Amino acid sequence: MKRVLYLLIVVLLLPSCSKEVKKVSEESRIAQEAFGLAETMRNAYIKNDRTALELNSTKNGYRELIGAIKSFDSAELTFTPRWVEIEDSIVYLNVSWKGTWIVRGKRTEERGMAIFVLEGRPLKLAQVLRANPFRQPE
């Protein structure tokens, strides 16, 4: 009798312990891709890897980016994603950034808020609006 009661309790509790796995929404997947692209661009910029910058940018985005980059001896740059807005096929990634650049022994610190305009599949950087971290040090 005790075994039957024990078995009944286990059978009743077992379904309540299982967790339903929810699918990741398309918006969430796009936001994660945008965060990853921002990190890829940050790393490429710090390493002065122009090939990686070009591969992860649209043609016009790369031209704008290369035109903005100033030479530096070393750089530290952090991005903190704040907001993602998705409109049709364009993604707007708002990031706050903080950077430190050393140019000929002079240390410069800056911070700002940028909007990365991302397009395509996979996402690529098309434009940087507001305070462009890749334009530093000014």
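Which residue in β2 is the bridge partner of Glu 87?

A: The bridge partner of Glu 87 in β2 is Ile 90. The model is predicted, with local features requiring pLDDT of at least 70 and side-chain atom pairs pLDDT 80 or more, whereas totals for chains, interfaces and linings use all residues. Residues are numbered from 1 along each chain as its sequence is written, and side-chain values use heavy atoms, without hydrogens and water.

Strand β1 (residues 74–87) runs antiparallel to β2, and 13 bridges join them; strands count as paired when DSSP finds at least two bridges between them. Together β1 and β2 make a hairpin with two residues between the strands, and Asp 88 in its turn has a positive phi of about 55°. Strands are DSSP runs of E with at least two residues, and helices are runs of H or I with at least four, numbered from the N terminus.

Within β2 (residues 90–103) lies Asn 94. Asn 94 counts as buried because its relative accessibility is 14%, the limit for buried being under 20% with a 1.4 Å probe and protein chains only. Leaving aside residues up to four places away in sequence, Asn 94 touches Thr 80, Pro 81, Arg 82 and Trp 83, as well as Met 113, Ala 114 and Ile 115; contact means heavy atoms within 4.5 Å.

A cavity is a set of points on a 1 Å grid over the protein atoms alone where a 1.4 Å probe fits but cannot get out, and lining residues have an atom within 4 Å of a point. There are two cavities of 30 Å³ or more.

The largest cavity has a volume of about 40 Å³, the space filled by probe spheres set on the points. Its lining consists of Ala 34, Leu 37, Ala 38, Met 41, Leu 93, Phe 116, Leu 118, Leu 125 and Phe 134. Two or more of these residues come from each of α2 (26–46) and β3 (106–119), with α2 giving the largest share, four residues. The lining comprises nine nonpolar, no polar and no charged residues.

The second largest cavity holds about 30 Å³ of space. Gly 61, Glu 64, Leu 65, Leu 125, Ala 126, Gln 127, Val 128 and Asn 132 line this second cavity. Here α4 (59–68) and β4 (124–130) each supply at least two residues, and β4 provides the largest share, four. Its lining divides into four nonpolar, three polar and one charged, with Gly counted as polar and Glu as charged.

How values were computed. Buried means under 20% relative accessible area, exposed over 50%, partly exposed in between (1.4 Å probe, protein chains only). On a 1 Å grid over the protein atoms alone, a cavity is a set of points where a 1.4 Å probe fits but cannot get out, and a pocket is an open set with protein on both sides within 12 Å along at least five of seven lines; lining residues have an atom within 4 Å of a point.
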